[in-house]
Amino acid sequence: MSYLQNRGIHVDRHLSNIAINYRPGPFIADMVFPVANVEKQSNIYAVWDQGDLFRIYKTDRAPGHEANKIEAQVSSGSYFCNNYALKADVTIEDRANADAIFVSALEAGRVQRVMDGLMLDWEDRVATQVTNTANVGTSANVGSSWTDWISVLYTVMCIANPVNSGKPQTGKLWAILSEAHKLWERATTILFRSTLQAIGSGSAGHP
């Protein structure tokens, strides 16, 4: 008597109720740099002096005297709107050869990939702007890194006791801060578990 092997009685097919698809997100570019709708591709706009807006003025007035006069400086800035676009093909052959479960997802999936690509580029451009030291008044580079909790505590103790020739202070303060490694270990454990859960869950979507 012969027996049919598993492959002989079943042909693998795509599941119709699940697909593994990882998507980037959440995006924050529009929260960091909100979109301003304009009518023209290029133009100028008013720039009010920030110092005037936050200046504290003397507001008391003596009887019979005029109120203190305040002024605000304004200048102009300019903009130019660049074009950004991506595309993805959906060929006639793809439509004709797609299995039933992919027919509705074919075009929607391409659209989603294009949108994700545009959003990722937007995020990257905003990140470049906000991390460019030329766009801030003052910047500083980190001279050394904290690679373990001992380095963190040593630095904190030296700052807490600068008179002691750069040596860490001992005593009650050190006893309190020396327990910080427990918090550090707990924080890294939680972060590691959260990362594994995020990787393991994955978002279901269009292939």
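Which residue forms a salt bridge with Asp 94? It's Arg 110, with the closest N and O atoms 3.7 Å apart. Keep in mind that this is a predicted model.

Let's stay with that pair. Arg 110 sits in helix α5 and Asp 94 in helix α4, so the bridge ties together parts that are 16 residues apart in sequence. Arg 110 is partly exposed, at 27% relative accessibility. Asp 94 is partly exposed too, at 29%.

The structure holds three salt bridges. Another one joins Arg 125 and Asp 121, at 3.0 Å from N to O. These two are four residues apart in helix α5, so about one helical turn separates them. Arg 125 has a relative accessible area of 28%, and Asp 121 has 34%. Then there is Arg 55 with Asp 52, where the closest N and O atoms are 2.4 Å apart.

Now the pocket. Arg 125 comes back here. The largest pocket has 16 lining residues, and Arg 125 is among those nearest its centre, along with Pro 34, Ala 36, Cys 81 and Trp 122. The space inside is about 750 Å³. Helix α5 gives the largest share of the lining, four residues. Strand β2 supplies at least two. By class, the lining has 12 nonpolar, three polar and one charged residues.

Last, the surface. Ile 28, Met 31, Val 32, Phe 33 and Val 130 form a nonpolar patch, with about 450 Å² of accessible area together. Ile 28 lies in the loop between α1 and α2. Ile 28 is partly exposed, at 43%.

Terms used. Residues numbered from 1 in each chain as written. Predicted model: local features only at pLDDT ≥ 70, side-chain atom pairs only at ≥ 80, totals over all residues. Heavy atoms only, no water. Patch = residues over 30% accessible without salt bridge, like charges linked within 9 Å, V, L, I, M, F, W, Y side chains within 5 Å. Areas by Shrake-Rupley, 256 points an atom, 1.4 Å probe, with all protein chains shown as cover. Salt bridge = Lys/Arg side-chain N within 4 Å of Asp/Glu carboxyl O. Buried < 20%, exposed > 50% of the residue type's maximum accessible area, 1.4 Å probe, protein only. 1 Å grid on protein atoms, 1.4 Å probe; cavity = no way out; pocket = protein on both sides within 12 Å on 5 of 7 lines; lining within 4 Å. Points joined across faces, edges and corners; volume = space filled by probe spheres on them. Nonpolar A, V, L, I, M, F, W, Y, C, P; charged D, E, K, R; others polar.
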